[in-house]
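Please look through the points below with the model open beside you.

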Amino acid sequence: REWGRPCWDGPVGMAIEVHRAMPAGWSQKKRARMDGVPCEATPDAVNVGASVCDALEHIVYPNDKQVASISCLKTWGVTHETLIEVWQMKGEGSGM
C-alpha cells in the first residue's frame with residue numbers, strides 16, 4: 001500500500017504521452033510546423049515506458065509485470081510534459 005490506497009491486482013494497461021520542448025533556437029515558423037510532430041530525440045520510447053512502469057510500481061500496482069498493454073508517443077511541444085493514463089484490464093485478480 002502506498003499513497004493511502006491499495007494497489008491494483010491483475011493486469012493493467014498504460015498510455016504515455018511525452019511532449020518534448022522544442023529547442024529555443026528553432027525559428028517561430030519551424031516551431032509552428034513541428035508542434036505535435038513525432039519526436040525521435042532521446043530517450044527512446046522503450047526506455048520511457050520502462051521508467052514509467054518502474055516508477056508506478058508499489059503506487060498503482062504491486063509489480064510492473066502486471067502491465068499487459070502499453071503505448072508511448074513522443075512529440076515535439078511548447079513545453080516538456082508527460083501524461084500517463086493507467087487502467088485496470090479484465091482478468092484474474094482485477095475485480096472486473
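How many residues does helix H2 have, and how far does the helix reach from its first C-alpha to its last?

1. Helix H2 covers residues 45-56, which makes 12 residues, and reaches 17 Å from its first C-alpha to its last. That is close to the 16 Å expected at 1.5 Å a residue, where the expected span is 1.5 Å times one less than the number of residues. Helices (H or I, at least four residues) and strands (E, at least two) are DSSP runs, numbered from the N terminus.

2. This is a predicted model, in which local features need pLDDT of at least 70 and side-chain atom pairs count only at pLDDT 80 or more, while totals for chains, interfaces and linings use all residues. Residues are numbered from 1 along each chain as its sequence is written, and side-chain values use heavy atoms, with hydrogens and water left out.

3. Both ends of H2 have a feature to check. Just after the helix, His58 takes a positive phi of about 70°.

4. Which residues of H2 are buried? They are Val48, Gly49, Val52, Cys53 and Leu56; buried means under 20% relative accessible area, with a 1.4 Å probe and protein chains only. Seen down the helix axis, these residues fall within an arc of 130°, so they line one face of H2. The arc is that of the directions from the helix axis to the C-beta atoms. An α-helix has 3.6 residues a turn, so residues three or four places apart point the same way.

5. The cover over this buried face includes strands S1 (12-21), S2 (67-77) and S3 (81-88). Leaving aside neighbours within four places in sequence, Leu56 is in contact (heavy atoms within 4.5 Å) with Met14, Tyr61, Ile84 and Val86.

6. The largest nonpolar core has 12 residues, including Val12, Ile16, Val52 and Val67. A nonpolar core is a set of buried Ala, Val, Leu, Ile, Met, Phe, Trp, Tyr and Cys residues joined through side-chain atoms within 4.5 Å. S1 and H2 are the elements that give two or more residues to this core. Apart from it lies another core, of 5 residues, among them Met22, Trp26, Met34 and Cys39.

7. The protein chain has 2 helices and 3 strands, in the pattern β-α-α-β-β along the sequence. Of its 96 residues, 29% count as buried. Its C-alpha trace spans about 50 × 25 × 20 Å along the principal axes.

Terms used
Buried means under 20% relative accessible area, exposed over 50%, partly exposed in between (1.4 Å probe, protein chains only).
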